Amino acid sequence: MIGAYAHLNLRMNPFGELEPRHRAQLAVVRLDTVLAHLDAPRAAVQFVGACGRGKSTHLHALRAALPGAHYARLWTDQPDPAGLSGTVLLDEADAVGMIRRARLFRAAERLAIGVHRSFATELRLHGFRVHTVHVSAADPARLATLLRRRIEFARLAEGPIPTLPDHTVHALRARFGDDVRAMEDALYDAVHAMREVRDVAL
Amino acid sequence: MSRCNLAIEMMDPGAPRRPGDQVQGFVTVDVDKSVNCRGLHIVLRCMTRGRGNTWRQDVVDQVVYEGEWKPGDNLVYPFEFDVPNGPVTYHGKLLNVVWQVYTYVDIPWGFDPESEYEFEVVRGEARPSLGPSQQAMPNLPIAITSPSKVPLIAMLAIVPLFLGLPMAVVALDGEPFLAFCAAASVMVFAVVGGIAFVAMRNRIAERKLGPVDVQLSATELDIGDELTVTVRLSPEQAVAIRGASVHLHAGEVVTRGSGTNRTTYREELLSERIAVAEAGEVRGETTWTARFRIPEGAPSSFSASDNHLAWNLTFQVDIPRWPDFVSTTPLSVFPATR
């Protein structure tokens, strides 16, 4: 077996960029309340949070749970959000122009959006019942689970792989708050520098 | 527990493959629960891994089975692929170019079980593909101007402020819309001015240096090749310069995220600078020459969406109190034959 991280018994650097379906698979999110809310027509869920907190991860997890839903995101090869209907998952909704957003909000039956600030008023004006989820990785236990899942996902074969001790998780929380993306960047460099299987240290 | 487990067994697993070689093996499926398999796919895949957005290209995607699997089934599906002509395997810091056999079961309403096996692809006789991207190799971060030019650039940045601030002060007097227009004008002026400066810089520099002709012996090179750079210029009058240099550099450039959330990361892999002229005067017909050798063990070029391993050659003349002449040429560097 070959690979840049084979000496760590890893297929890849666990904290590199993942494909969306793998992000959904590894997400540590609770969607039962969200899914129950979206069961009714004209229901909207907004995931509110700053960059790197997990809004897109929540939407990808929702996408996996709702196979009939349309996922859209500007600047990608995803479809124009304004032309969608049914159940729509819209990432970075605050970057969509007001007119296109209004067209989408009129056409969608159910909606989940990722935003940096609350769109509750605008959604209610379009007749949606709104459920807001403030996205954060502030819970250390949830954060540790998320990061350890990433390492396990990168496992190459049976046997030991690098471990993420609690003190490293606490150090990450102290340095980066709840910015998961900044933590991933720091851990990427830490794993890249490792020459043998051991605890991941910053 | 998943409904079925997939594993890949390769023939001659550690051997590097050259274009035209075969990758052979078989996929084993152990079934725990009944599975409605919409397709067992075996894929020959080239992809990137690392800090940038993942790029992938499925060279061959074979569906070898569709139908029902029953608990207790142990099944074997052979595969055989021809290795195409590159890109070659690369392992760096921000970027990894990976070849693999990837298999997955398309199961309705669930995560698809999957497995993969990585193998190495090296160069054959012919020069291989350097990646699929049609876009130009990006320029690496270099000093686009000499440190001595910082005051000049700072002055160019301050001018829009001097123009815009009085407008803003007047407009702020109870007119927020005008204040917005003033601020927008300043920003547009600064951006357009900046673009115009970069676009016109070499023309302005050539007013002193005369036409500058930068010739490279080749822009497509193999590892180990020599690259000769010849620069000819003939200023009409003597020109004082602080120096002139040719800079060969290579690095990984990857981008993560999209839209407002895009971040570009850069990692320099090689940087070699040759000074072709010291501080002094240039007069009459002048020729400068620099010779580089693409070092053994250096990585080859690669370019796919959001993932690049770029080689560039930059020629720069530092002219006192005047915009520098800067010319950058992207290079295509091919891997060595092993």
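1. Two residues are in contact if their C-beta atoms, placed from the backbone, lie within 7 Å. By that rule, 20 residues of chain A are in contact with 21 residues of chain B. The side of chain A that touches chain B has 10 nonpolar, 6 polar and 4 charged residues. Ala, Val, Leu, Ile, Met, Phe, Trp, Tyr, Cys and Pro count as nonpolar; Asp, Glu, Lys and Arg count as charged; the others, Gly among them, count as polar.

2. A word on the model and its numbering. This is a predicted model, where local features need pLDDT of at least 70, side-chain atom pairs count only at pLDDT 80 or more, and totals for chains, interfaces and linings use all residues. Residues are numbered from 1 along each chain as its sequence is written, while chains are lettered from A and ligands numbered from 1 in the order in which they are written.

3. Chain A has two parts in the domain assignment: domain 1 (6-17 + 138-193) and domain 2 (31-134). Such bounds come from an automatic or database domain assignment. The C-alpha centres of these two domains of chain A lie 29 Å apart. Their contact takes 5 residues from domain 1 and 4 residues from domain 2. On the domain 1 side, 2 of the touching residues are nonpolar, none polar and 3 charged.

4. Next, the sheet of chain A. It is open, with 5 strands in the order 2-3-4-1-5 and parallel pairing. Strands (E, at least two residues) and helices (H or I, at least four) are DSSP runs, numbered from the N terminus. Two strands pair if DSSP finds at least two bridges between them. Strand 2 (70-73) and strand 5 (129-134) of chain A are the edges, each pairing on one side only. On average, neighbouring strands are turned by 15° against each other, direction ignored. The axes behind that angle are lines fitted to C-alpha atoms, for helices over the stretch in contact, and angles run from 0 to 180 degrees between N-to-C directions.

5. What joins strand 1 of chain A to strand 4 (residues 108-115) of chain A? There are 6 bridges, and the two strands run parallel. A43(A) has R110(A) as its bridge partner in strand 4. Strand 1 of chain A also runs parallel to strand 5, again with 6 bridges. There, Q46(A) is partnered by T132(A). At the other end of the order, strands 2 and 3 (residues 86-91) of chain A pair in parallel over 4 bridges. H70(A) has V88(A) as its bridge partner in strand 3.

6. Is strand 1 (residues 43-48) of chain A buried or exposed? Here 6 of the 6 residues are buried, so the strand is largely enclosed by the rest of the structure. Buried means 20 or more other C-beta atoms within 10 Å of the residue's own; exposed means 12 or fewer; partly exposed lies in between; C-beta atoms are placed from the backbone. A43(A), V45(A) and F47(A) point one way, A44(A), Q46(A) and V48(A) the other.

7. Helix 7 (residues 166-176) of chain A has three buried residues: T168(A), V169(A) and L172(A). They fall within an arc of 100° seen down the axis, so they line one face of the helix. They pack against helix 6 (140-153) and helix 8 (180-193) of chain A. The face turned away carries the exposed residues D166(A), H167(A) and A174(A). Just after helix 7, G177(A) takes a positive phi of about 65°.

Technical notes
The arc is that of the directions from the helix axis to the C-beta atoms.
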